[in-house]
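User: I'd like to go through the labels on this model and ask what stands behind each one.

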Amino acid sequence: MKYISTRGDQTPRVFSEILLEGLAPDGGLYLPEAYPQVSAATLARWRGLSYAELAFEILSLYIDDIPPLDLKRLVDRTYTEEVFGTKAIVPLRPLGEGLSLEALSNGPTLAFKDMAMQLLGNLFEYELGRRGETLNILGATSGDTGSAAEYAMRGKAGVRVFMLSPKGRMSPFQQAQMFSLQDENIHNLAVDGVFDDCQDIVKAVSNDLAFKRQYRIGTVNSINWARLLAQVVYYFAGYFQATKTNDEVVSFTVPSGNFGNVCAGHVARQMGLPIAKLVVATNENDVLDEFFRTGSYRVRGSAETYETSSPSMDISKASNFERFVFDLLGRDGARTQELFGRAIARDGLFALSADETARIAAFGFESGRSTHADRITTIRDTWHTCGELIDTHTADGVKVASEHRVPGVPMIVLETALPAKFAASIEEAVGFAPPVPAALADLETRPRRSVDMPADAATIKAYLASHVPEAHGA
Ligand SMILES: *Cc1c(COP(=O)(O)O)cnc(C)c1O
């Protein structure tokens, strides 16, 4: 399997070449040159597999430069009951009327990002070990991504994480989650500023190419292909649980922000998984809902990017979206470059032609949006009618799913976080605080490990330099 860029660079690359990279050199995103097709016989064989076995089968179709026994060991070590809480790893829970929830949030940080990030940690350690290299991951977080990355990379050989967060501005739970990590390779840098300051510092450091090379700076952002690939597995696992035979079809509704999660559903559907609809659910930040209704994609400015009670979906643009558009346009790299490389850079928007827009339906996509009032009502109703407590992001999904249900087609809503992370909204909806998993009951009283930093790139660089000993003299 070889990988190409969405912007026309056809240089074939193997999996381990793109594993540690972000964008392709032409500014595009990596995709496999073709999606492997899953035959009826293969689908039948996969139905009986455990989650880790299924993950190995699917990953093997995309990764041919890691020896199968090594890949098997990495996957088996990742998807365990110990880490994800159940033998099924992603069990379904019925909500009635053909709707069910697929639990993706029982990993260490109580959000679905662990599903991919835990695998990425093991893949990074393996690949760096094989090359005899080290990597220093520099990131900025306002909550979810940073903690998922830290819990994936903690204790991993060859990897250090330097995570910038706005001091005092994360939720107490998220702050405790990150700062209580005692691993020596994890560095929490609490920056005196807001999230944008943190992100600007990361950009400034990454733009210093000499520094970046000398100190082997990398990232783990959501455009990483391995993250997306790991997420393909739970679409298959959800399908097998919701159906008895492979003649049946199901639909998925996906609470969406950067389009990574639902893009994995698109890949599963392209491989031949019998998915009827992929329903994109957004909150008030409805860039994607607008696109799927109109064919126009308009990046929002900061004045139009809202802070909501489903904060992990508060995006101004969707960084994985280009992958879908490339497929929608018949994999025309020049046209994709025209839209993302030129129109977006110049005008912050593009509109597909009527002809191009008409193709969306054939890819199964539909969309809807939800508001704070919708979330609160949905959390309350789901609790009172089904006895299930859901978080605010999942509530956006349930709300939109109920508007897109079709009789006879199971609708699976992806549960992207647990309610324990968003206590204030849950209390507003049902009048009591969400339960905290027993293993995390003492989280907020554990000792903390973080370093206060000014919002200054030079100071952060100096900290990095003094904590990356192997780069000295490079
Ligand atoms: C990251 C995140 C999302 C959005 O997922 P994308 O892959 O960016 O679309 C939704 N819900 C939660 C809880 C998240 O952490």
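User: How do the residues lining the second largest pocket divide into nonpolar, polar and charged?

Analyst: The lining has 10 nonpolar, 7 polar and 5 charged residues. Nonpolar here means Ala, Val, Leu, Ile, Met, Phe, Trp, Tyr, Cys and Pro; Asp, Glu, Lys and Arg are charged, and the others, Gly among them, are polar. Bear in mind that this is a predicted model, where local features need pLDDT of at least 70, side-chain atom pairs count only at pLDDT 80 or more, and totals for chains, interfaces and linings use all residues. Residues are numbered from 1 along each chain as its sequence is written, and side-chain values use heavy atoms, leaving out hydrogens and water.

User: Which residues lie nearest the centre of the second largest pocket?

Analyst: Val83, Gly107, Pro108, Tyr151 and Arg154, out of 22 lining residues. Elements giving two or more residues to that lining are α4 (68–78), α5 (81–84), α6 (113–131) and α7 (144–153).

User: Why is strand β5 called largely enclosed?

Analyst: Buried means under 20% relative accessible area (exposed is over 50%, partly exposed in between, with a 1.4 Å probe and protein chains only). In β5 (residues 135–140), 5 of the 6 residues are buried, so the strand is largely enclosed by the rest of the structure.

User: What makes β5 and β6 a pair?

Analyst: Pairing takes at least two bridges found by DSSP. β5 and β6 (residues 159–166) are joined by 6 bridges and run parallel, so they qualify. Leucine 135 stands opposite valine 159 in β6.

User: How many bridges pair β5 with β8?

Analyst: 2 bridges, in the parallel sense, with β8 spanning residues 217–218. Isoleucine 137 has glycine 218 as its bridge partner in β8.

Definitions and conventions
On a 1 Å grid over the protein atoms alone, a cavity is a set of points where a 1.4 Å probe fits but cannot get out, and a pocket is an open set with protein on both sides within 12 Å along at least five of seven lines; lining residues have an atom within 4 Å of a point. Helices (H or I, at least four residues) and strands (E, at least two) are DSSP runs, numbered from the N terminus.
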